[in-house]
Amino acid sequence: MLTSMAQSAFSTWLLSSNSIWAYPTVLTLHTFGMMVLVGAALMIDLRLLGFAQAIPLQSMDRLFGIVWAAFALNAVTGTMLFIADADKRGPSLFFWTKLAFVALGLVMTSMIRRRNFAGGTAPVVISSASKRLAIVSLLAWCAAITTGRLLAYVA
Amino acid sequence: MLNLANLADLAHVHLLLNHFPTIGTILGLGLLLLSFIRKNEHLRKVSFEVIFLIALATFPVYVSGAAAAEALKGAAGVSAAAITAHNDAALGSFIMMEITGFFAWLALWRMRRIGRMTSGLTYTVLVLLVLTVAAVARAANMGGDIRHPEIEGGQYAGLFGSSGSAPGLISAAGIKDYVLQHPYVWPTCETLHFIGMSLMFGVLMIVNLRLVGWLRGMSFASVHRLLPFGLMGFGINFITGMFFFIAASEQYTQNVAFHWKVVLLMLAGVSYLVLTVYDEAWTLPASAQAPWPGKILGASALVLSVGVMYFGRMLPFIGNAF
């Protein structure tokens, strides 16, 4: 199935088309989504870790919407990029490690929201459990970027 | 893609811009000293703003210098050794300039926050600036040595080629060799470049969406606290980006995507300075809308930063970078 994906007309178009709207645009949208998603998640993490405490925690709730919108963009563009290279990415442990870090980041971000933003009021004192979640989230997103970027260099 | 400049144009751009750091740092130093004599804090703020802007303007000076060196390749009466020596001196002074610009920015950020200039940062900037003026003047002087009509038939040793250059404190050729001979350096820098970009954009997103009016519930003064993280992200990307540029400058000097990236980066830098010292927004309460100039500033800063990312990602597709 991976091979048939990689040999599909879609894959051929995405990889071989000389159009700037093919591979370059999909890749750039994926980069844009990454920057928005990780940027928003990092800001929530930093605030939970005690930086910029002047920002009311509750006001950061809207950033979770940005995280999920950016994730939707990257799920779509990421799927397109995967189909194009399916025979290469499918068997690659490195690729699935990247996805595992993305999943971990999303789970951490969801847990942070449930723990700190549920019910319309954010806690005044941030629990050490929330801080631990913020650290794991921060590391997970950096690891997702690292493994994602290095996909261009590993076979 | 609209072409901005060719190699010969860029050599002219270098000749045009290369006076900015020399004159700008001396002007900044003059204003800073005058602020001590007059005990005028406003003047001190202006001098720090000038220093930041000159640090920003030094970036196109350095990168256009690489284009000028390529344009002069093999030209009669040009000393390759002098180009290498000038490049090394310029790189050293460029690094000094950026460190000074960073501390000037930090002083401005602190001043906005606590309402007065702290003397520790002020004297740090003063000392760094004096050193920078000396380093920039030395680099400029060595730049003047490059075109010597009497050295007819001088062999050009490659842009950052090591032959003929006296070993100095900083060697662009050494950095280039290091990056190209260690296969892990480029991918590591790329990874850090993406992490730095995300950190920087996270800050820009919150601060500018607040100005635009979408993220109300935060006062501008509270999001102002995040600005050093944005600059930290920029610092990561500046250092890793310079590794790319020095290691493979020929990929960038003739790359129209890179030209656009530099232009947008300069404008984004100016908007970052405005965000740092912006008086009208500083008093903005959590629930209030920013005045319309603030909204325009926020929207343009967002567009500019996405534009910088766009042209960075498009370097291999619009241009010729790998």
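Mentor: Two ground rules. This is a predicted model: local features need pLDDT of at least 70, side-chain atom pairs count only at pLDDT 80 or more, and totals for chains, interfaces and linings use all residues. Residues are numbered from 1 along each chain as its sequence is written, with chains lettered from A and ligands numbered from 1 in the order in which they are written.

Trainee: How many residues of chain B are in contact with chain A?

Mentor: Two residues are in contact if their C-beta atoms, placed from the backbone, lie within 7 Å. On the chain A side, 27 residues take part. On the chain B side, the number is 27.

Trainee: Which helix supplies the largest share of the side of chain B that touches chain A?

Mentor: Helices are DSSP runs (H or I, at least four residues), and strands are E runs of at least two, numbered from the N terminus. Helix 7 (185-212), helix 8 (220-224) and helix 13 (292-313) of chain B each give at least two residues to that side. The largest share is 12 residues, from helix 7 of chain B.

Trainee: How do the residues of that side of chain B divide by class?

Mentor: Ala, Val, Leu, Ile, Met, Phe, Trp, Tyr, Cys and Pro count as nonpolar, Asp, Glu, Lys and Arg as charged, and the others, Gly among them, as polar. The side of chain B that touches chain A has 19 nonpolar, five polar and three charged residues.

Trainee: Are helix 4 and helix 5 of chain B roughly parallel or antiparallel?

Mentor: Axes are lines fitted to C-alpha atoms over the stretch in contact, with angles from 0 to 180 degrees between N-to-C directions. Helix 4 (residues 80-114) and helix 5 (residues 119-144) of chain B have axes that come within 8 Å and cross at roughly 160 degrees. Angles under 35 degrees count as roughly parallel, over 145 as roughly antiparallel, 65 to 115 as roughly perpendicular and the rest as oblique. The two helices of chain B are therefore roughly antiparallel.

Trainee: What is the secondary structure of chain A?

Mentor: Along the sequence the pattern reads α-α-α-α-α-α-α. Chain A has zero strands and seven helices.

Trainee: What covers the buried residues of helix 6 of chain A?

Mentor: A residue is buried if 20 or more other C-beta atoms lie within 10 Å of its own, exposed if 12 or fewer, and partly exposed in between. In helix 6 of chain A the buried residues include A:Phe101, A:Met108 and A:Ile112. Their cover includes helix 3 (23-48), helix 4 (62-84) and helix 7 (128-150) of chain A.
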